[in-house]
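Work through the exercises below with the model open beside you. Try each task before you read its solution.

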Amino acid sequence: MRLSELKGIGPKTEELFSKVGVNSVEELKEYYPVHYDSYTEPQSIEDCRPGSKSAVSVTVTDSVSMYKAGKLTIVSLDVKDSTGKIRLVWYNSPFIRSVVKRGVTYVFRGNIVSKKGTICMEHPEIFSPGQYQSKLSTLNPVYGLTKGLTNNTVVKAIRSAFAATGGVPEYLPEQIAKTFDLMEEETAASYIHFPPDEESLMRARSRLAFDEFFLFILALRMLRQEEGNKSSDFRIPETWLTEDVIERLPFRLTNGQMNVWREIEQDLSSGRRMSRLIQGDVGSGKTIIAFLAMIMVASAGYQSVLMAPTEVLARQHYEKLLAMCREQGLDTVKPVLLTGSVTASERRKVLADIEAGHVNAIVGTHALIQSTVTYRNPALIITDEQHRFGVYQRQVLSERDQPPHMLVMSATPIPRTLGVIFYGDLDISILDELPARRLPIKNCVVGTSWRPNAMRFIKKEIEAGHQAYIVCPMIEPAEDLQAENVTEYTAKLRKQFPDIVIGCLHGRMKPAEKNAIMQSFAEGEISILVSTTVIEVGVDVPNATVMMIENAERFGLATLHQLRGRVGRSDLQSYCIFMAGVQSEETIRRLDILNHSNNGFEIAEKDYELRGPGDLLGIRQSGDAAFRIADISRDRDILKAAGELAAAVMHDDPALVLEEHDLLRLKMREYMHSDVRTIVL
Ligand code: ADP
Ligand code: MG
């Protein structure tokens, strides 16, 4: 259903929503809050700490003053209680003068900052004590916004989305919902936006997390069942060629890489169908293993397919494979790249080459699974960073008369016991060793006042011939979100360092533009790349030695760890600077985990311990993230329950033909065919 079919949404608002990735009413309902704002009891002024959001209840005694600072009109008012004084400031809101009256008691609520030693409350909301009382302890959703799109607009739109689409029947049989103590789906879907209280929010969250896990696991199980018999027509003989390649590499494979490679070699040559997951922390060297497998398959005369979640990453893999084939003179391996952004004529040629079998090592993005691609004897499908692929995509690839071997590579650390719930009988190889001669990344967590030092440091690294990433959470400025954005950041930096070549990268650029920028960063033409998290996955530029992450408090630890993995990829000493925009104790404690560990698995565990099950943080904004709500380490109990249920359903009614499963069957069909769904691993 189109957004403009909702009351009050015109083409303009529709356009704004599309900027934040919401293109339909269905997507809108799943545009979950980033966090919730709760109204707490007013505090005494002395307890208002910079960096926090506070409310104070005071009687106004001073008069409001107004002045201009450049383009800004500032309204300010000093208020006091028995414990101290605080300055309230509003920007570009001259009408405040006639709103706030002397001698009247108000509750003011806003962010506390310290400005040249004066404690201020910025742009406070204004309530009568009675109004405030009725707001107390409600939870108000806060959404990811973009310029022109206000929180209020999102709230209204979501309310009318629910009003327009109500009455969806529960798809789980009543007995099951009872056994697992689940809130009704439709209630949960709306409570996640508008929770009546905290307990309801937690229950809503649990229900949605349960669904994410359950549908995913069930989908995989059903696919596995269809894939059926595990013998394979593709028996790939072992070859000396791969041994030679390994010998001629500029580095020695680690023992871990060697072991995993031997496992794969054995799988491919066994006559059994391979279904293997390689799990290895960022930088553990998974790509070379994929290449070796592709070489082995090529020399047996078959095709292999390597699928990456982003165009940037696909291109990078292709270039590396191509370079390796040239350097080593591997004539039997014929790589080709297929992504969404190749021109129509190029595309025709690539498709013809694939179909005729002129190429045999096919690298690309999800463009690889469109029905226009006809493979010739595809014996091996590798998916890199698989958590970004939908179940549907996997299904398309494996729906063949002669199912190919499957290899999945992931940096998402999940404990083996939980991996088994997801994958049942999938074989798991773990790469738990980083290549030798890697120096551990040096980390620091700092506040924004340290930024000049950080910039000096980055400049020194650049002068030494290295490169740097700076990551900002936003693409462009947003009205009520105080976070760095790449657009302004790049402009500022270019002014500050006219001699340094600075590039800018974000997800809303055209693919060709992104490629060009990534390419010139990889080739060292760009020294500093200011980017959003689009570089999170897989990008490998070993000469980059510094990463600075702005507003690090806005990212989950897992994301931060993945981001940091872009440096420390060679024998050069690398550094990661976590810049905290807000320095609450909790932020510092969380970031400190990264400071003390470079091990993804350990970080996930610690994060879980620290956050505890009652914490609301962790709803991910981006549809690119693994699961939207569920978190593998935090929700392991829910995961176990969902796994149990999936197993029971598969046991009792694997084809979902029982009447009680009618709605579940429909739900599954929809789930399997929506490639919008993204999954973990
Ligand atoms: P990831 O596991 O994160 O995908 P990559 O495969 O991209 O890691 O490898 C990271 C970097 O380490 C690459 O530049 C790669 O060439 C290099 N590398 C891989 N294996 C080794 C090794 N055994 N010794 C030294 N460098 C290696
Ligand atoms: Mg990788």
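**Exercise 1. Ligand 1**

Task: Find how Asp540, Gly283 and Thr287 approach ligand 1, and how much of ligand 1 the protein covers.

Solution. Begin with Asp540. One of its polar side-chain atoms lies 2.7 Å from an oxygen atom of ligand 1. Go on to Thr287. An N or O atom in the side chain of Thr287 is 2.6 Å from an oxygen atom of ligand 1. Now take Gly283. Here a backbone N or O atom lies 2.6 Å from an oxygen atom of the ligand. Next, look at the cover. On its own, ligand 1 has 570 Å² of accessible area, and the protein covers 85% of it. Finish with the surroundings. There are 17 residues around ligand 1, and the closest are Arg252, Gly283, Thr287, Arg438 and Asp540. Keep in mind that this is a predicted model.

**Exercise 2. Aromatic pairs**

Task: Classify the ring pairs Phe234–Tyr302 and Tyr469–Phe521, and place each ring in the chain.

Solution. Start with the total: 11 aromatic pairs are counted. The ring centres of Phe234 and Tyr302 are 5.0 Å apart, and their planes stand at 80°, so this pair is edge-to-face. The cut-off for that class is over 60 degrees. Now locate the rings. Phe234 sits in the loop between helix 8 (198-227) and helix 9 (240-248). Tyr302 sits in the loop between helix 11 (287-299) and strand 10 (303-307). The pair thus links distant parts of the chain, 68 residues apart. Check burial too. Phe234 has 2% relative accessibility, so it counts as buried.

Turn to the second pair. The ring centres of Tyr469 and Phe521 are 5.0 Å apart, with planes at 55°, so the pair is tilted. Tyr469 belongs to strand 17 (residues 467-471) and Phe521 to helix 18 (residues 511-522), so the pair ties together parts 52 residues apart in sequence. Both Tyr469 and Phe521 are buried.

**Exercise 3. Clusters and charges at rings**

Task: Which residues do ring pairs link into a cluster, and over which ring faces do Arg159 and Lys492 lie?

Solution. First, the cluster: ring pairs join Tyr39, Phe127 and Tyr132. Second, the charges. Arg159 lies over the face of Phe194, 3.9 Å from the ring centre. Lys492 lies over the face of Tyr489, 4.9 Å from the ring centre.

**Exercise 4. Thr59**

Task: Is Thr59 buried or partly exposed, and what does Thr59 touch?

Solution. Thr59 is in strand 2 (residues 53-59). Its relative accessibility is 36%, so it counts as partly exposed. Then list contacts. Beyond residues up to four places away in sequence, Thr59 touches Gly103, Val104 and Thr105.

**Exercise 5. Ser574**

Task: Where is Ser574, and which backbone nitrogen does its side chain reach?

Solution. Ser574 lies in the loop between helix 19 (557-564) and strand 21 (575-580). At 1% relative accessibility, Ser574 counts as buried, because the cut-off is under 20%. Its side chain reaches the backbone nitrogen of Gly568 at 3.0 Å. Leaving out neighbours within four places in sequence, the contacts of Ser574 are Pro440, Ile441, Lys442, Ala544, Thr545, Val567 and Gly568.

Note on methods: Residues numbered from 1 in each chain as written. Chains lettered and ligands numbered in written order. Predicted model: local features only at pLDDT ≥ 70, side-chain atom pairs only at ≥ 80, totals over all residues. Heavy atoms only, no water. Phe/Tyr/Trp six-rings, centres within 6.5 Å; stacked < 30°, edge-to-face > 60°. Helix = DSSP H or I, 4+ residues; strand = E, 2+ residues; numbered from the N terminus. Buried < 20%, exposed > 50% of the residue type's maximum accessible area, 1.4 Å probe, protein only. Lys NZ or Arg CZ within 6 Å of the ring centre and 35° of its normal. Near = heavy atom within 4 Å. Polar contact = N/O pair within 3.5 Å; in protein donor to acceptor, adjacent residues only side chain to side chain. Areas by Shrake-Rupley, 256 points an atom, 1.4 Å probe, with all protein chains shown as cover. Contact = heavy atoms within 4.5 Å.
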